[in-house]
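Reader: Could you show me how to read a structure one feature at a time? I would like the general idea and then the case at hand.

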Amino acid sequence: MSPPDTAASGVGASLPRLDAREKVTGRAQYIADMVRPNMLHAAIHASPAAHALITGYDTAEASAVPGVACVLTGDDFPDGRMGAFIKDEPAIAKGKVRYPGEPVAVVAAEDEETARRAAALIRVDYEDLPVAATPDDAMAPDAPVIHEDLPDYFKVFPAICGGNVASETELSEGDVDAAWAECDVIVEGEFETPAQAHLSIEPVGALAEVDADGRVTLWSANQSVFRVQANVCEALQLPMSKLRCLTPKVGAGFGNKMEPHVQPLVVQLALKTGRPVRLILNRTEDFETVRARHPFKIRCKTGAKRDGTLVARELSAILDCGAYGDDSPGVLGYSLLMSRGPYRIPHCRTSGKLVYTNRMRFGAFRGFGNPQVTFATESQIDEIAGRLGMDPLDLRVKNMMRPGDRWFGGGEVASNGLAECIEKASAASGWRQGRARAAPSGKRRALGVAACAHISGLLATGAIVRLLEDGSVVLNTGAVDIGQGSDTVLTQMCASALRVPADRVAIASPDTDGSPYNWGTTASRVTYTTGRSVVAAAGHVAEEIKRHAAEIFECAVGDLELRDGGRVGIKGVPDKELSYFEVSARAHWAAGGPIVGADTWVYNQPSVDPKRAIARGLPFPQIGVYSFGCMIAAVEIDETTGKADAVEVWSAMDVGRAINPGSVEGQIEGGFVQGMGFALTEEMVFDGPRLVNPSMMDYKAPTSLDAPFDIHSIIVEAAEPDGPFGAKGIGEIGLVPAPAAIGNAVAAATGARLRRLPLTPERVLNGLLESDSED
Amino acid sequence: MKIAGSFNVAAPVELTWRAITDPQVVGACLPGCEEIEAVSPTLYRARIGVKLGPISATFAAEVEVLEEEPPVRVVSVTRGEEGGRASHIRSENTLTLEPADDGGTRVSYEADMTVTGRLAKFGFGVMKKKAQSLAADFAGNLEARLNEAASGG
Amino acid sequence: MTGASITLKVNGADRPVAAVAPWTTLLTVLRDELGLTGAKRGCNQGVCGACTVTIDGEPVRSCLSLALNCTDCEIATVEGLAPAGSLAPVQQALAEGNALQCGFCTPGILIAAHALLRRNEPLSVDEVRAGLSGNLCRCSGYKKIVEAVVRASEARP
Amino acid sequence: MEFIRPDSIDAAVAALQAENAACLAGGATLVAMMNADLVAPERLVSLRDVAALRTAMRQPDGSVVIGAMRRHRETAEETDLRDGQRVLSDAAGQIANPPVRNMGTIGGSCAFADPAADYPPALAAADARIALVGAEGRRTLPADAFFVDWYETALEPGELIESVILPPAPAGTAGSYTKLARVAGDFAIASVALVLGMEGDACSHLAVAVGACGPAPVRRRDVETELLGGGLGDSEIRRLTDALADGLDPVDDVRASADYRRRVAPRLVRQAIAEAKQCLSGTQ
């Protein structure tokens, strides 16, 4: 399927996925498809209690079931704790349980049915503790403390914490209190967004195998073999050299598989039994025990002058952390960083609290807090436009960040395609030509707009490029392709950098033993950060190739160039050239040694300029590289029921450079539909601490009939100067503006401003009827 | 999930109190209650069968009286376990008695119930309806029994 | 836990399976006994569609089909869509059209799409959307899948 | 657990005469519940080989007998259903999604009696009868008497559904099923099954059943009868929706609140009647 010539398969080509053939034939192996000889199957025993002390275990009956090899409880696990920001989470509940569904014991047996049957026979004695089901409960003066040892936990950033508040963050610029006086119009409101399930179609799972020396190999559904390694080793107190992490194909992540799930459990079972152990969660367990998007409550206030100039914003957010910290401090900090939006607002004060509760842990989910705050802030931009009688698009254009403007907090923005995004979305949607086609009978129809930005630069990454004896190439980055297509994109970059067709580049599967460090496939970062390493490592290889050629041709390195098809030649002399085979053979057998290019780096641009901004408790000191976007959504509302449907969308996204336009469109389209689900139908419903809809029957994501077919992806390319071929991230931004754009369309169609997601038929109908009765 | 309700019985408060704190009376009135025994004055054990459409379950339940304020208020907690099926119910119950205008008693109940494990996956909304209808049946049975007693039958 | 010994006809071949319990689903037998792991277990409740196979030519949920009930049927899975080394047109269309991402839903989508294409006439966008509405995809937003299936229907003779 | 595949109705009934025996029809519901460990019958009686349950037949009087094992897809495409009987095919075509419609059967769906399912209101509006067979013989019940409570039917242990019988619908009536759901193929938040006949401006036939708003479909035959012969204007429809509203007993659940269901059901009824009137006037 890979076309033979460089141009058709390199940067800019919509090359089909490298693994497309494997996937369409059903041969691609995911974790649940993997089997090892003599493998045991595991099952968890989950806590029925939300908050309780564990006072005893009785595993006798479970252990006696024929076929059961091992039963482990918290007593059989070391005392280590893991956590991306706050080390607060044991591998399995120890001493107490903090949410319903938390694993309390695990069983390994000859088959899965036996393991599940035995797990149900484990008896655990609990002493119930008072429950804090919501942040309000948990911040009440007499609230039960969920983590008594919070002050003593190790934290990777200067966390401001206490009681049930896991982290408190503030970020401010300007003088907000004084600025309100300058405002002619001020809008204020409270917004609420629910927990959203990632709903990767593949449930999580892991398989661990131990060798004769006690070293463990671990395969799992994951977004970073290195985060898996770090988490498991922290929780189980193992040296990292004793654990090798690998990955099969991953059935999507969206943040769900970035931090640990069941990996520590299978490793401990493998260590105890000496046999390979596999654990695959069923869908209900996956819903209840993995993680989900944080519920947010946001108070937001925005002020502007009569001419539409935005002056000030104040935003405060309360995040339900759930029972463990996971990625949550990062989500809080990042959401505040995004809360000014891509606008010039000189005075901004933002703050947030992340509050432990006795619910399942919440964590990273595509957008990382940005969709929630963008729903609030972009709703208010429309409200201000309404109050001033301005076109919402004009108001955005008037206030948008211009090239050279800095991000909120003072971070540098090297490329900014926002103006083009807004202009192209507007033109394509016909915004200025009457804004919406006529609605069918019984429906109301309107367009809604939202703009946003998202980062793609943070943390560490690397790449190793090796030239094989025959002149073909192996690329090894350690970045897990979770289905979004990074293997293909990185291969295309490597191929273009070395001017070989993509099918001459093999990409190694991530392996903590052999791959360079990669923090993870998350935060829209792989194309930009790992891509930079790929280009740099390939550059080293190119230099080596030229050095060999210079020695052979007895010319200067500067006189040489790489040529399509994998050749190196003297500039201006077409027939003076060598194939990579000739160069690599020389390096392998005669001179210099095999050619390997390697690069590692860590993103080090500060998020905050202390001269401009005040930041407290911010967990990401170094973050940046901004993609921009503008989305316009056409929504139809059924006047009988209030049901809102997004019927068409124009999503213009600045990706710097589209390495693989087909893949970029896939991210834009998939991001929109996931954001549309968040806006319209998806909600994890809780009864106190308990999730009451942990099944696909009761939790509803869009089907092919709910998603609009007319999703128009508009690719804008404002090249990032130091990006690989100019590229920056696209993984998340396509989702971010969707709830706000849809909410603004609903408001335009009904006259009702709804500040709580999802925009269910019930809420929309009530809003529509109220607003009609006011008219 | 919370359920609440109230009903009137013809019997005076004292008599109602005796009935409502007598495990044998309660057991006879509770739909699906297969057996009940008093382990101590504040602890009862019972087997309770529950059926919802095609699903049936039998719980080994324990009722612990947490607070008693005769003859007006009793607070209890019920914990039930479905042996070997990893399914649990738990309910915090408050029962309040007050004299009614007609010389009878007004009985009010409030329960905060949680269901976990396999049964929790089945129709949250309908489960609540079922719990309400069980409570109503219990009230009806108790009412009938007390009214019968009050009328000297 | 003994069970029946049965023979299933899968992708045209008779496949004996020993000790099948009454509650064992076709999905479990395909994946665990016959090594046909193309059909995926996403929900085990018939909602996600990742386990879709055809029984007697019609797409159904293998997670809701009991193996003992399938002994006289023709069962087809994604592995049987085309001979080894080649791709059926619908497979080709999805692969070339960037119409798959993580790939976990892809086998079920292909089975559902293949059944639609049997009608041998060009399909409209809305026909394909309706025909695939029982197969959840969380990555793609469906557009490229629908486009690929429409294209495959148009390319047919 | 035992697995039995009888090939006749008599053999199936005989096999059902055991403690904790269950019929396996299409499996769409029963197997899902078995997988979730919600039910574990000791004996499964598969009806797959009972050919007599798989047919649908139009009788000389215009009634249609639909075998219990007819799949949703077959019922959705059933050409023997005519005029107002189309309410059933319309409902069948809106159940779940194509693969599930290839599996699920009308008998299985009725036996499970999910209060939010699509068949119960359609059967109620079509005045259908459910034919049951057991060791004691055969009986038929009107749909109203068959669906008795949340997930509960009049089926006795040892009985199975043999068929569903739709009486003839008066010529010229229209049947329609209007469903509101969160996403395509979900169970209903609320639904309305309607059979309507108009002679000029006068209503000649009216049957409205509201689904998903109580343990069983809600119909008000008394008000329907009162409205016959008159014009079906706003005030008449209001009388009907007010009466229906009295009979609703909806749940608060993850699909919607009870309040909303009360609010939207009458609106759906109005919409369904308006659309059916328009459709009838277009064909006259």
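**Reading the features one by one**

Author: Helices (H or I, at least four residues) and strands (E, at least two) are DSSP runs, numbered from the N terminus. The model is predicted, and local features need pLDDT of at least 70, side-chain atom pairs count only at pLDDT 80 or more, while totals for chains, interfaces and linings use all residues. Residues are numbered from 1 along each chain as its sequence is written, and chains are lettered from A and ligands numbered from 1 in the order in which they are written.

Reader: What is the phi of A:Asp326?

Author: Most residues other than glycine have a negative phi. A:Asp326 is not a glycine, yet its phi is positive, about 50 degrees.

Reader: Is A:Asp326 buried or exposed?

Author: A residue is buried if 20 or more other C-beta atoms lie within 10 Å of its own, exposed if 12 or fewer, and partly exposed in between, with C-beta atoms placed from the backbone. A:Asp326 has 28 other C-beta atoms within 10 Å, so it is buried.

Reader: Which loop of chain C holds C:Asn98?

Author: C:Asn98 lies in the loop between H2 and H3 of chain C. Its phi is positive, about 50 degrees, although it is not a glycine. C:Asn98 counts as buried because it has 27 C-beta neighbours inside 10 Å.

Reader: How are packed helices described?

Author: Two packed helices are described by the angle between their axes and the distance between the axes. Axes are lines fitted to C-alpha atoms, for helices over the stretch in contact, and angles run from 0 to 180 degrees between N-to-C directions. In chain C, the axes of helix H3 (residues 106–117) and helix H5 (residues 143–155) come within 10 Å and cross at roughly 35 degrees.

Reader: Is the crossing of H3(C) and H5(C) right-handed or left-handed?

Author: A crossing is left-handed if the near helix is turned anticlockwise from the far one by less than a right angle, and right-handed if clockwise. H3(C) passes H5(C) in a right-handed crossing. From H3(C), C:Ile109, C:Ala113, C:Leu116 and C:Leu117 meet C:Ile145, C:Val149, C:Ala152 and C:Ser153 of H5(C). By class, that contact has seven nonpolar, one polar and no charged residues. Here Ala, Val, Leu, Ile, Met, Phe, Trp, Tyr, Cys and Pro count as nonpolar, Asp, Glu, Lys and Arg as charged, and the others, Gly among them, as polar.

Reader: How many residues of chain C are in contact with chain A?

Author: The contact joins 42 residues of chain C to 46 residues of chain A. On the chain C side, helix H2 (89–96), H3, helix H4 (125–131) and H5 each supply at least two residues. H2(C) gives the most, with four residues. The chain C side has 21 nonpolar, 14 polar and seven charged residues.

Reader: And which domains does chain A have?

Author: Domain bounds come from an automatic or database domain assignment. For chain A it gives domain 1 (6–28 + 459–602), domain 2 (34–129 + 204–280) and domain 3 (292–458 + 608–774). The C-alpha centres of domain 1 and domain 3 of chain A lie 37 Å apart. Their contact takes 23 residues from domain 1 and 25 residues from domain 3.

Methods: Contact = placed C-beta atoms within 7 Å.
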